[in-house]
Amino acid sequence: MTYWGFDKKAHTGELIVNRGVTDDVVAQFRQLYEWRFPIARMVPIDVYKGSDFDSIEADNTSAFNCRRTTGASSWSKHSYGRAIDINPRENPWVEPDGSVAHDNARQFAKRPLHKPGVINPDDRVVRLFEKYGWEWGGYFNGAKDYQHFAKGGG
């Protein structure tokens, strides 16, 4: 799909999602494009040999990745193609103590933060995904996963 880059140019990327959420994702990313919401990169997780860590380091927006939920033994919603991580550098996983696992994301750990590509509580990006029944990881209890949206929560 086409997305707006931080370089203020249109780019073509790929998201692999479950067929059941395709219409949602197309509509959501069409709106993000119309808003010119910048996305750093959008390639399948295979480019990073399935490494969530490496994909995050590259600030890659991604969806399908067959992996366990962070810190748990259950399968992640990403394993079912029902979760998307958007701009993980600008929207990091933040531990309750404020720490982040990726050095390149430290400056983006606190919310609200008004910078390009950042997602804040109750902003238009969060409301857009909520309109389609997706939940935002920025509302998790404990650690916050600002990059994460999932259909049906989790």
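**Aromatic cluster.** I started with the rings: Phe29, Phe129, Trp134, Trp136, Tyr139, Tyr146 and Phe149 form one aromatic cluster. My rule pairs rings of Phe, Tyr and Trp (its six-membered ring) if their centres lie within 6.5 Å; planes under 30 degrees apart count as stacked, over 60 as edge-to-face and the rest as tilted. That rule gives seven aromatic pairs. In one of them, phenylalanine 129 and phenylalanine 149, the ring centres are 4.1 Å apart and the planes are at 20°, so I logged the pair as stacked. Phenylalanine 129 belongs to helix α3 (residues 124–131) and phenylalanine 149 to strand β7 (residues 148–151), so this pair ties together parts that are 20 residues apart in sequence. Tryptophan 136 and phenylalanine 149 are stacked as well, at 6.5 Å centre to centre with 25° between the planes. Tryptophan 136 sits in strand β5 (residues 134–136), so its pairing with phenylalanine 149 in β7 links parts 13 residues apart in sequence.

**Conventions.** A note to myself: this is a predicted model, where local features need pLDDT of at least 70, side-chain atom pairs count only at pLDDT 80 or more, and totals for chains, interfaces and linings use all residues. Residues are numbered from 1 along each chain as its sequence is written, and side-chain values use heavy atoms, with hydrogens and water left out. Helices (H or I, at least four residues) and strands (E, at least two) are DSSP runs, numbered from the N terminus.

**Sheet.** Next I followed β7 into its sheet, which is open, has three strands in the order β3-β7-β5, and pairs antiparallel. Strands pair here if DSSP finds at least two bridges between them. β3 and β5 are at the edges with a single partner strand each, so one side of each has no neighbour in the sheet. Three bridges join β3 to β7, and isoleucine 84 has phenylalanine 149 as its bridge partner in β7. Helix α1 (residues 22–34) packs on the sheet and touches β3, β5 and β7 (contact means heavy atoms within 4.5 Å). The direction of α1 makes about 55° with that of β5; axes are lines fitted to C-alpha atoms, for helices over the stretch in contact, and angles run from 0 to 180 degrees between N-to-C directions.

**Arginine 111.** Arginine 111 lies over the face of tyrosine 146, 4.3 Å from the ring centre. The test asks for NZ of Lys or CZ of Arg within 6 Å of the ring centre and within 35 degrees of the ring normal. The peptide bond from arginine 111 to proline 112 is cis, with omega near 0°.

**Positive phi.** Most residues other than glycine have a negative phi, and most peptide bonds are trans. I found lysine 8 with phi near 65° and asparagine 87 with phi near 45°. Lysine 8 is exposed at 65% relative accessible area, whereas asparagine 87 is buried at 0%.

**Aspartate 59.** Last, I checked aspartate 59, which is buried at 6%. Beyond its neighbours within four places in sequence, its contacts include Asn87 and Arg89. A polar atom of its side chain lies 2.9 Å from the backbone nitrogen of arginine 89.

Terms used:
Buried < 20%, exposed > 50% of the residue type's maximum accessible area, 1.4 Å probe, protein only. Polar contact = N/O pair within 3.5 Å; in protein donor to acceptor, adjacent residues only side chain to side chain.
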